[in-house]
Amino acid sequence: MEASKIQIGVVGLGLMGCSISTCLLMSGHPVVAIAPISVDMETAELRIRKHLNKAKEEGLLTETADFYLGNLIISEDYGHLKLCQLVIECTIENEEIKRSVYGKIEAEIADEALITSNTSAIPISELQNLTQKPERFFGLHWAEPSHTTRFLEIICGAKSDVKKGEYLYELSHGWGKEPTLVRKDIRGFIANRLMYSMYREAIYLVENGYATVEDVDRACRNNTGYWMTLVGVFGWMDLTGVPAYHNVMKDLNATLYNGTEVPKLIDDIVKSGGKGVSNGHGFYEYSPEEAKLWEETFADFSYEIRKLALKYPADVVKSKLKTK
Ligand SMILES: NC(=O)c1ccc[n+]([C@@H]2O[C@H](COP(=O)([O-])OP(=O)(O)OC[C@H]3O[C@@H](n4cnc5c(N)ncnc54)[C@H](O)[C@@H]3O)[C@@H](O)[C@H]2O)c1
């Protein structure tokens with residue numbers, strides 16, 4: 001069967017379940033979207049339709065939203081997953097809820113079908129032990145909005161069959177991804193480990209009076225933020241000269257913050273109910289109008305950066321050499 005014709009199940013239709021479903025529909029897959037809570041039934045189709053309309057407006061789609069929605073089943077009945085060869089679990093970050101969802105999925109799907117989780121931080125080796133056939137279980141870690149971002153981590157747990165992980169890696173190229181295969185499970189996987197080391201250092205700098213939140217963000221946006229889409233970490237060191245980094249590491253590494261506690265700055269925000277843009281209180285304060293505009297600006301930016309990123313795929317230089 002043609003890869004894009006494989007039926008894929010998505011269980012959990014919140015923020016990410018809807019954008020993942022959109023991505024798969026845009027790539028030509030028939031999608032079975034399961035609503036584990038009934039409120040999903042009221043919101044999911046509208047959310048997916050909105051994504052498809054915006055993608056059409058941005059020139060990513062040739063057909064109308066209704067064409068893609070024709071390939072989508074939304075239901076509370078797990079029985080619709082029967083023919084799915086891959087199921088992506090996308091429920092809230094709670095092991096007990098995920099365990100109960102895996103039981104319902106495994107009761108329906110074929111023995112050779114794969115199950116994956118979009119968990120942000122629960123180790124795959126832990127989650128796969130909640131299933132009856134851990135060898136067919138993987139992490140499939142997407143970035144929001146999944147239908148425009150190139151990011152995807154495929155994570156093998158200690159008991160996963162790496163060959164099947166390699167199959168997912170190949171399959172995901174058809175979803176417009178530049179995937180990363182994590183062959184050995186580690187908490188936080190790759191991207192979050194990199195990002196959290198940066199969050200921790202950023203908070204340390206602010207808490208200790210070296211710079212303000214605004215100043216740290218400005219430095220990050222105009223340095224790291226500029227080149228990351230092109231080269232990543234190692235490519236950047238190659239591009240700008242490895243010996244300089246070697247030299248700086250000798251003195252700088254010992255001064256980088258390596259505390260293990262949750263920092264007070266973020267603890268205070270969360271304990272006082274702050275969520276960020278979604279409720280107007282975070283590291284910054286937002287009026288309702290500002291918050292709405294940030295959400296719209298983020299959506300617009302994700303399309304703009306996508307256009308730029310597509311001009312610079314990982315093999316950009318290899319392709320240039322071929323056309324010379
Ligand atoms: N939001 C992100 O940017 C992001 C990025 C990467 C990974 N993730 C991960 O994706 C998963 C889903 O996150 P999200 O942002 O879509 O969350 P969300 O809160 O938008 O949606 C959660 C969904 O979980 C399901 N759910 C809620 N309560 C449930 C219950 N009691 N029983 C069964 N199902 C229930 C529902 O389908 C709900 O829509 C989480 O594991 C999260 O860590 C999120």
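The following dialogue examines how several descriptions of this predicted model are reached.

Biologist: What share of the contacts with a separation of 6 or more joins residues 24 or more positions apart?

Modeller: Such pairs account for 64% of those contacts.

Biologist: Why is glycine 259 called exposed?

Modeller: Glycine 259 has 9 C-beta neighbours inside 10 Å. A residue with 12 or fewer is exposed, and glycine 259 therefore counts as exposed. The residue lies in the loop between helix H10 (242-252) and helix H11 (264-271). Its C-alpha is 26 Å from that of methionine 228, which is 31 residues away in sequence.

Biologist: What makes H11 a hardly covered helix?

Modeller: The count of buried residues among the eight residues of H11 is zero. Just after H11, glycine 273 takes a positive phi of about 90°.

Biologist: How do you know that H7 and H11 are roughly perpendicular to each other?

Modeller: The axes of helix H7 (residues 191-207) and H11 cross at roughly 95° and come within 9 Å. Angles of 65 to 115 degrees count as roughly perpendicular, and H7 and H11 are therefore described in that way. Their contact is made by Ile203, Val206 and Glu207 of H7 together with Lys264, Leu265 and Ile266 of H11. By class, the residues of this contact are four nonpolar, no polar and two charged.

Biologist: At what angle do helices H8 and H9 pack, and which residues make the contact?

Modeller: Helix H8 (residues 213-222) and helix H9 (residues 224-240) pack at an angle of about 35°, and their axes are 3 Å apart. On the H8 side the contact involves Cys220, Arg221 and Asn222, and on the H9 side Thr224, Gly225 and Tyr226. These residues divide into two nonpolar, three polar and one charged.

Biologist: Which residues of the shell are closest to the ligand, and which helix supplies the largest share?

Modeller: The ligand is surrounded by 20 residues, of which Gly14, Leu15, Met16, Pro36 and Ser120 are the closest. Helix H1 (15-26) and helix H4 (95-106) each supply at least two residues of the shell, and H1 provides the largest share, three residues. The shell divides into 10 nonpolar, seven polar and three charged residues.

Biologist: Where is the cis peptide bond at proline 145, and what is its omega?

Modeller: The cis bond joins glutamate 144 and proline 145, with an omega of about -10°. Proline 145 lies in the loop between strand E6 (137-142) and strand E7 (152-156).

Technical notes:
Residues are numbered from 1 along each chain as its sequence is written. This is a predicted model: local features need pLDDT of at least 70, side-chain atom pairs count only at pLDDT 80 or more; totals for chains, interfaces and linings use all residues. Helices (H or I, at least four residues) and strands (E, at least two) are DSSP runs, numbered from the N terminus. A residue is buried if 20 or more other C-beta atoms lie within 10 Å of its own, exposed if 12 or fewer, and partly exposed in between; C-beta atoms are placed from the backbone. Axes are lines fitted to C-alpha atoms, for helices over the stretch in contact, and angles run from 0 to 180 degrees between N-to-C directions. Angles under 35 degrees count as roughly parallel, over 145 as roughly antiparallel, 65 to 115 as roughly perpendicular and the rest as oblique. Two residues are in contact if their C-beta atoms, placed from the backbone, lie within 7 Å. Ala, Val, Leu, Ile, Met, Phe, Trp, Tyr, Cys and Pro count as nonpolar, Asp, Glu, Lys and Arg as charged, and the others, Gly among them, as polar. A residue is near a molecule or strand if its C-beta atom, placed from the backbone, lies within 6 Å of it.
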